[in-house]
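Please examine the sequence and the three-dimensional structure shown here. The explanation that follows leads through the structure step by step.

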Amino acid sequence: MTEPDQQTKRYSPEDVRRLQAEFAPVAARYRRHTVIALCGILVLIACIATDRFLSRPILKEEFGTGLILFGIIAAAVLLAPDLTCPGCSNDMDDEPADYCPECGACSVQPRTTFGSASCRTCGKTLYHGPGYKNRRYKIRFCTYCGLKVDDKGL
Ligand SMILES: [Zn+2]
Ligand SMILES: [Zn+2]
């Protein structure tokens, strides 16, 4: 959980560099898992789309192929690393809390019954739903402590 003093915590430039370096392998692993899952889904869609035109439909007749594809996608999703902040140890994949994950400003407008959270600084709508990667924004900054963890965003 978030401790009160972490909200105002400031990282020195050396801290930021050290923590970013610490997080880089996790980010790389996370990206790999995302790419594998997306490729698996694309191949599956391609199989579904072309199966009816094939004399030997891959998914219908080669049941194992479909199963392997599902297995690859499931493994990529389930074994993806948690996006734990190297600075404050909170899960950055939680709903946006204080800091905007896109621009890093401490100006997140919390989610309401009718709408998603949003950022008052960059204006982004920070949709976050249940399940894996069910969010429509990239994580560049930790939403709990504001540490910049990735340039491109995850
Ligand atoms: Zn923002
Ligand atoms: Zn953090």
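Predicted model: local features only at pLDDT ≥ 70, side-chain atom pairs only at ≥ 80, totals over all residues.

**A guided reading of the model**

In strand E3, threonine 125 is the bridge partner of serine 118. E2 and E3 run antiparallel and are joined by 2 bridges. Both strands belong to an open sheet of 3 strands, in the order E1-E2-E3, with antiparallel pairing. E1 and E3 (125–126) are the edge strands, and each of them pairs on one side only. As a general point, the strands of a sheet pair through backbone hydrogen bonds, either parallel or antiparallel.

The next topic is the nonpolar core. The largest such core has 24 residues, and among those with the most contacts inside it are Cys85, Val108, Phe141 and Leu147. Helix H1 (13–51) and strand E2 (117–119) are the elements that give two or more residues to this core. H1 gives the most, with 4 residues. Domain 1 (11–81) and domain 2 (83–154) both give residues to the core, so the core lies between them. In soluble globular proteins, nonpolar side chains tend to be buried together.

In the loop between H3 and strand E1 (108–109) stands serine 89. Most residues other than glycine have a negative phi. Serine 89, although not a glycine, has a positive phi of about 65°. Serine 89 is partly exposed, with 14 other C-beta atoms within 10 Å.

Conventions. Residues numbered from 1 in each chain as written. Chains lettered and ligands numbered in written order. Buried ≥ 20, exposed ≤ 12 C-beta atoms within 10 Å, placed from the backbone. Core = buried A, V, L, I, M, F, W, Y, C linked by C-beta atoms within 7 Å. Domains from an automatic or database assignment. Pairing = 2+ DSSP bridges.
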